[in-house]
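Q: I would like to go through this structure with you, one region at a time. May I start with a single residue and move on from there?

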Amino acid sequence: MTMSSTGGRRKPPTIHDVAREAGVSRGTVSRVLNGGHYVSPSAQEAVNAAIRRTGYVVNRHARSLITGRSDSVGFLLTEPQERFFEDPNFNVLLRGCTQALAKHDVPLLLMLAGTEDERRRITRYITAGHVDGVLLVSSHSGDPIATELREAGVPLVACGKPIGIGSKVSYVAADDRDGARDMVRHLLAQGRRRIAVVTGPLDTPGGVERLAGYKEVLAEAGIEIDERLVVSGDYSRASGEAGAERLLAQAPDLDAVFVASDLMAQGVLAALRQAGRRVPEDVAVGGFDDSPAATASTPALTTIRQPWDRISSEMVRVLLAQIGGEDPAAVILPTELVRREST
């Protein structure tokens, strides 16, 4: 670092200091900082070494004035704030996206928009250029925010296939339908025949696709769909417990429950205990996500593992590519059945 002329206080190193240390021009340093285009490998290596030696840190505000970019990305959750703290999946996804962006030295801004007023304010903030792109999580059909951001030209990647907003929005999703099929086949292989389901919200891709997978496998097995065995939840623990209570009242002879999230499955387990049903002896229970809720349950949940690390890294990769000018893209990742004590 350089010393000030007014005392011993050190000034932060500048791009000029890096250029002098590396023995290259200021323009070469600038090109390295902006992606390394038209820079020889030896010059790039010299600049990177000089950055490490001087401790130079990019002045993001100054660079944003030149590039017109904020050099930041928004993580937008369109759910009530309490859901962010209750559902462990959101925290896992946020951590993964933060780590993936850190490799590119891009900070992540958490945005919660669970009410109409919050959505309006955040949409104005985003479209004013305060972030370069958005990672959108838990978008319901009829939620206008994805459409508004797309129409405003904001780079956007959704977690899960968006419903009802066309094919021009990038998304990264686990294969919800195939995961549900694996779980229901597993329950059938355990000899279960009265298999109930607690779905996710049916205005979300996970809710729709996991229910479709459940119905497809039962149809393949020649088992008629009994609507008394189908109830919906909202991915919260309370909705799983309420759903199981409805199922036990409507179809007391059920012998298995496929639950569309691990957190809801915790509620199902609580309702079954309250009703005196043993798991898995009387009723087998399968979840979805392989979140921390799965291993924290008693008994531990058999579940469908979503590849959260890959989902978050792919969301970041697709978004950064879109910010760089590439077209929207869709990525669907495989799931995995994880067997534990609940089935």
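Q: In which helix is Asp178 found?
A: This is a predicted model, and in it Asp178 is found in helix α9, which covers residues 176-189.

Q: Where do Asp253 and Arg194 lie?
A: Asp253 lies in the loop between α11 (237-250) and β10 (256-259), and Arg194 lies in the loop between α9 and β8 (195-199), so the pair ties together parts that are 59 residues apart in sequence.

Q: And how accessible are Asp253 and Arg194?
A: Asp253 is partly exposed at 47% relative accessibility. Arg194 is also partly exposed, at 22%.

Q: What about Asp282 and Arg278, how do their side chains meet?
A: They meet in a salt bridge, at 3.0 Å from N to O. Asp282 is partly exposed, with a relative accessible area of 27%, and Arg278 is partly exposed as well, with 49%.

Q: Which helix holds both Glu314 and Arg317?
A: Both lie in helix α14, three residues apart, which is about one turn of the helix. Glu314 is buried, with a relative accessible area of 17%, whereas Arg317 counts as partly exposed at 45%.

Q: Which residues do salt bridges with shared partners join into one network?
A: That network consists of Arg177, Asp178, Arg181, Glu209 and Glu216.

Q: Back to α14: at what angle do α6 and α14 pack?
A: Helix α6 (residues 88-102) and helix α14 (residues 308-323) pack at an angle of about 50°, with their axes 8 Å apart. The two helices are therefore oblique to each other, and their crossing is right-handed.

Q: Which residues make that contact?
A: From α6, the contact uses Asn89, Val92, Leu93, Gly96, Cys97, Ala100 and Leu101; from α14, it uses Trp308, Ile311, Ser312, Ser313, Met315, Val316 and Leu320. By type, the residues of this contact divide into ten nonpolar, four polar and no charged.

Q: How do the axes of α2 and α3 cross?
A: The axes of α2 (residues 26-33) and α3 (residues 41-54) come within 10 Å and cross at roughly 85°. That angle makes α2 roughly perpendicular to α3.

Q: Which residues meet there?
A: Thr28, Val29, Val32 and Leu33 in α2 meet Ala43, Gln44, Val47, Asn48 and Ile51 in α3. The residues of this contact divide into six nonpolar, three polar and no charged.

Q: Which residues is Val285 in contact with, leaving aside its neighbours within four places in sequence?
A: Its contacts are Val257, Val259, Ala265, Val268, Leu269, Leu272, Val279, Leu301, Thr302, Ser342 and Thr343.

Q: What separates the C-alpha atoms of Val285 and Met183?
A: They are separated by 9.9 Å, although the two residues are 102 residues apart along the chain.

Conventions
Residues are numbered from 1 along each chain as its sequence is written. This is a predicted model: local features need pLDDT of at least 70, side-chain atom pairs count only at pLDDT 80 or more; totals for chains, interfaces and linings use all residues. Side-chain values use heavy atoms; hydrogens and water are left out. Contact means heavy atoms within 4.5 Å. Axes are lines fitted to C-alpha atoms, for helices over the stretch in contact, and angles run from 0 to 180 degrees between N-to-C directions. Helices (H or I, at least four residues) and strands (E, at least two) are DSSP runs, numbered from the N terminus. Angles under 35 degrees count as roughly parallel, over 145 as roughly antiparallel, 65 to 115 as roughly perpendicular and the rest as oblique. Ala, Val, Leu, Ile, Met, Phe, Trp, Tyr, Cys and Pro count as nonpolar, Asp, Glu, Lys and Arg as charged, and the others, Gly among them, as polar. A crossing is left-handed if the near helix is turned anticlockwise from the far one by less than a right angle, and right-handed if clockwise. Buried means under 20% relative accessible area, exposed over 50%, partly exposed in between (1.4 Å probe, protein chains only). A salt bridge is a side-chain nitrogen of Lys or Arg within 4 Å of a carboxyl oxygen of Asp or Glu.
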